[in-house]
Amino acid sequence: MGIPATILDKSAQGTGPASNVPYQLAQYGPFMKLLAQDPLWDMNQQDAINNIEQWFSETGSLYAVVSKEQMLEVAHNVFDVMQSVKVHDTRSRGALAECLSHSKTNKLKLILAIGRTLESGGRNDLAQRLLQSATEAVEGLLWSTNSISNIQLLVLMALYYYHLDEEVRTGRIIGFAARLCLEMGLHRRATVNSFANLEEQAAALRTFRCVYMLERRTSLGQGIPFYIQDCHIDPPLFAMGGHDAVTTALLDWTKLAGKTWHALNSQVEKESAINFDELDYLDYQIGQWYHHLADELKLESIQPGQEVRHAQAVLFLRKSHLYNLIYRPVLQSSTRIAQHQRYAHKAVAIAKESLQMLSSLNENTGIIKRNPLFFKHLLLTAFGNLLLAVVNASSMFCDNVKVEFDIALDMIRMLSNRSPLLMALWKRLQGLRRLRAQLSSYSTTTASSYNGQGDEARSLECSPDTDSMMFDELFPALQLDAMDMPVDTLGDAIVRDQLNDFFDLPPVSASGTRSDWVFSTWDGST
């Protein structure tokens with residue numbers, strides 16, 4: 001299923017699988033010719049197994065919509081049949097046709113596509129062809145009979161686009177999967193109990209949990225309402241079947257994410273009053289959630305040489321992301337900061353801690369380098385909060401956030417080639433640096449012209465296009481008046497207006513292409 005799309009791309013390259021597939025297959029008719037050009041011929045079994053093992057050790061363990069053992073078994077079966085065709089091409093054609101068109105093989109292709117994408121650090125030709133070879137099967141789900149297997153395909157395709165940083169497509173696909181779950185009644189215990197055997201019940205529960213968590217996560221990032229509401233789920237449902245401590249923690253976090261979404265959505269407008277009782281209660285619940293995790297799942301600090309589990313990094317990320325989100329409204333105006341300084345200082349402290357931990361993870365482990373997009377949201381949210389603090393209360397926070405601000409700038413630069421959103425942010429920051437340099441040069445030249453030092457002043461102009469960037473290039477030292485109060489120069493005012501615009505630009509367009517938007521008003525994660 002879906003092979004014609006693969007053929008189109010394969011033929012466009014002018015290369016074929018002749019070195020791996022017996023050329024005699026093409027003699028047995030058009031269908032066999034299609035099978036001979038399946039992208040799986042361009043992979044070997046060991047590479048496929050390595051991709052599966054690596055994916056299930058990290059992101060695949062969080063969204064285990066299919067089991068690792070099942071996918072390894074499918075991989076062995078598929079490559080055994082393909083090897084058999086190489087040796088006995090005429091006797092194994094039927095098995096090959098059945099094998100390559102099976103729904104389990106389509107799931108395998110999507111997992112391998114994700115693995116190749118992570119390996120290459122972005123779009124990969126073989127990953128694209130693996131995706132396309134399964135696309136036709138997924139596209140048919142709009143009209144076909146609903147099933148657990150079909151929903152699993154949607155989840156895996158959503159995760160593929162997630163690893164390409166295409167959050168609009170990810171959200172649309174996982175939203176469709178959520179709708180199918182509700183249509184099947186997977187949010188009800190009675191429906192799950194109606195499946196014929198324990199294996200089918202386990203698959204239904206596993207699938208629903210993954211859709212529930214990924215849809216909520218995507219909705220939180222985009223600020224879009226989610227299909228699966230907690231009030232519609234049977235309370236005992238997630239206790240059925242049993243699951244590990246990490247899954248339990250992520251399910252509990254997902255409920256907190258829903259509460260956070262509702263709280264922030266009621267404060268969308270900057271002028272809306274903040275419900276501090278609700279904020280305090282959310283802060284308490286997030287803290288209690290993390291406090292009650294097993295010690296081996298917590299991450300308090302990282303020492304050189306310390307082994308950090310992927311689950312530890314993820315759970316710290318989840319905690320910090322919610323903390324940064326709930327305190328964002330406090331920093332959205334200078335008036336709020338002045339009126340609620342205790343909350344503002346806590347918001348900045350949380351953002352600083354988040355960026356320090358991201359820096360430690362990056363310096364001491366390979367977790368962020370392997371999965372940069374997974375940690376992108378916390379980076380953007382924490383950086384956005386520091387940016388708001390500096391823009392709206394410079395004299396209060398400038399001297400206190402320079403180190404963490406520079407950490408964020410360095411990580412944004414480093415990861416910008418992996419994310420269009422981070423690249424857009426980096427380019428806008430470079431533009432602001434050029435603006436700051438031009439304004440500083442103009443002010444210096446104007447002032448010096450009265451003293452006959454114009455040429456010397458022009459020689460002081462900095463080069464704004466260097467690779468790295470620092471806090472002082474965007475926010476030079478504050479000028480003080482005779483009363484030791486900060487003076488807002490023309491350049492400061494212009495740059496601060498530009499920075500404030502980061503939070504007011506329109507979001508992603510309806511066509512799915514990204515605008516210049518960087519931070520949403522209330523979230524900032526996408």
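Analyst: Y162, F374 and F375 form one aromatic cluster. Rings of Phe, Tyr and Trp (its six-membered ring) count as a pair if their centres lie within 6.5 Å; planes under 30 degrees apart are called stacked, over 60 edge-to-face, and the rest tilted. The model is a predicted one: local features need pLDDT of at least 70, side-chain atom pairs count only at pLDDT 80 or more, and totals for chains, interfaces and linings use all residues. Residues are numbered from 1 along each chain as its sequence is written, and side-chain values use heavy atoms, with hydrogens and water left out.

Across the whole structure, a search finds 13 aromatic pairs. One of them joins Y327 and Y343, a tilted pair with 6.4 Å centre to centre and 35 degrees between the planes. Y327 belongs to helix α15 (residues 310-327) and Y343 to helix α17 (residues 341-364), so this pair ties together parts that are 16 residues apart in sequence. Helices here are DSSP runs of H or I with at least four residues, numbered from the N terminus. Y327 counts as buried because its relative accessibility is 1%, and Y343 counts as buried at 10%. Buried means under 20% relative accessible area, exposed over 50%, and partly exposed in between, with a 1.4 Å probe and protein chains only.

F374 and F375 form an edge-to-face pair, 5.9 Å centre to centre with 65 degrees between the planes. Both F374 and F375 are buried.

The charged end of R318 sits over the ring of W253, 4.7 Å from its centre. Likewise, the charged end of K319 sits over the ring of Y290, at 4.4 Å from its centre. A charge sits over a ring if NZ of Lys or CZ of Arg is within 6 Å of the ring centre and within 35 degrees of the ring normal.

D406, in helix α20 (residues 394-415), touches M470 and F471, not counting residues up to four places away in sequence. Contact means heavy atoms within 4.5 Å. D406 is buried yet has no salt bridge, and the nearest side chain of opposite charge, K402, is 8.1 Å away. A salt bridge is a side-chain nitrogen of Lys or Arg within 4 Å of a carboxyl oxygen of Asp or Glu; Lys and Arg count as positive and Asp and Glu as negative, while His and the chain ends are not counted.

Methods
Helices (H or I, at least four residues) and strands (E, at least two) are DSSP runs, numbered from the N terminus.
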